[in-house]
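Trainee: I would like to learn how to read the strands and sheets of a protein model, one feature at a time. Could we start once the model is in view?

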Amino acid sequence: MQFTIASIATLFAAIAAASPAVLQERQAPSVTATFYRSVGCNRGPTDVITPPSPDVLVQDTAPCHNITIPETVGCTELTASTLTRQIRVYDQPNCPEVGNTHFWTYPEGSNNKFNQNVKSYRFL
Ligand SMILES: *[C@@H]1O[C@H](CO)[C@@H](O)[C@H](O)[C@H]1NC(C)=O
């Protein structure tokens, strides 16, 4: 009997130790990016670049994330957003905002498509 109670206590301690990490992982806001070869998101492209699609972009405070995609992206689609902050997506690596660069900012929670290459992103 005593052994059984000790075992249950150990089990509960193990569950308690594991739970916060599991909960945090489930709750981390994210958006799913799908990359297409075709230009023209509004024409319903089906030529998905896999990998890295579908690429789950998890919200964080890092200054910049590069995305390496082996081909030129014609259309990027963001879906299943649970973001609580805006995401800014760049057509150059290193998230540059001056010089030869284009970038787009999307509101938290939005699902969007845009006809552009993607090489880096960050959360505002
Ligand atoms: C992002 O890519 C650029 C260009 O390839 C590279 O110089 C830079 O080190 C990369 N940054 C990170 C954080 O990997």
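Mentor: Let us begin with a definition: two strands count as paired if DSSP finds at least two bridges between them. Please keep in mind that this is a predicted model.

Trainee: How many helices and strands does the protein chain have, and what pattern do they follow along the sequence?

Mentor: The protein chain contains one helix and eight strands, and, read along the sequence, these elements follow the pattern α-β-β-β-β-β-β-β-β.

Trainee: In what order do the strands E3, E5, E6 and E8 lie in their open sheet?

Mentor: Strands of a sheet pair through backbone hydrogen bonds, either parallel or antiparallel. Here, the four strands form an open sheet in the order E3-E8-E5-E6, and their pairing is antiparallel. Strand E3 (65–66) and strand E6 (103–106) each have a single partner strand and stand at the edges, so one side of each is left without a neighbour in the sheet.

Trainee: How many bridges link strand E5 to E6?

Mentor: Strand E5, residues 87–90, pairs with E6 in the antiparallel sense over four bridges; in one of these places you can find Tyr 90, whose bridge partner in E6 is Phe 103.

Trainee: What is the strand order in the open sheet that holds E1, E2, E4 and E7?

Mentor: That open sheet of four strands has the order E2-E1-E4-E7, again with antiparallel pairing. Strand E2 (55–58) and strand E7 (112–114) are at the edges with a single partner strand each, so one side of each is left without a neighbour in the sheet. Direction ignored, neighbouring strands of this sheet are turned by 25 degrees against each other on average.

Trainee: Which residues can I use to trace the pairing of E1 with E2?

Mentor: Strand E1, residues 30–36, is joined to E2 by four bridges, and the two strands run antiparallel. Ala 33 has Asp 55 of E2 as its bridge partner, while Thr 32 has Val 56 in E2 as its partner. E1 also pairs with strand E4 (residues 75–79), in the antiparallel sense and over five bridges, and there Phe 35 stands opposite Thr 76 in E4.

Trainee: Is E1 mostly covered or mostly uncovered?

Mentor: A residue is called buried if 20 or more other C-beta atoms lie within 10 Å of its own. By that cut-off, E1 is mostly covered, since five of its seven residues are buried, whereas 15% of the 124 residues of the protein chain count as buried.

Trainee: What share of the contacts between residues at least 6 apart in sequence join residues at least 24 apart?

Mentor: In the protein chain, that share is 72%.

Definitions and conventions. Residues numbered from 1 in each chain as written. Predicted model: local features only at pLDDT ≥ 70, side-chain atom pairs only at ≥ 80, totals over all residues. Axes fitted to C-alpha atoms, helices over the stretch in contact; angles between N-to-C directions. Buried ≥ 20, exposed ≤ 12 C-beta atoms within 10 Å, placed from the backbone. Contact = placed C-beta atoms within 7 Å.
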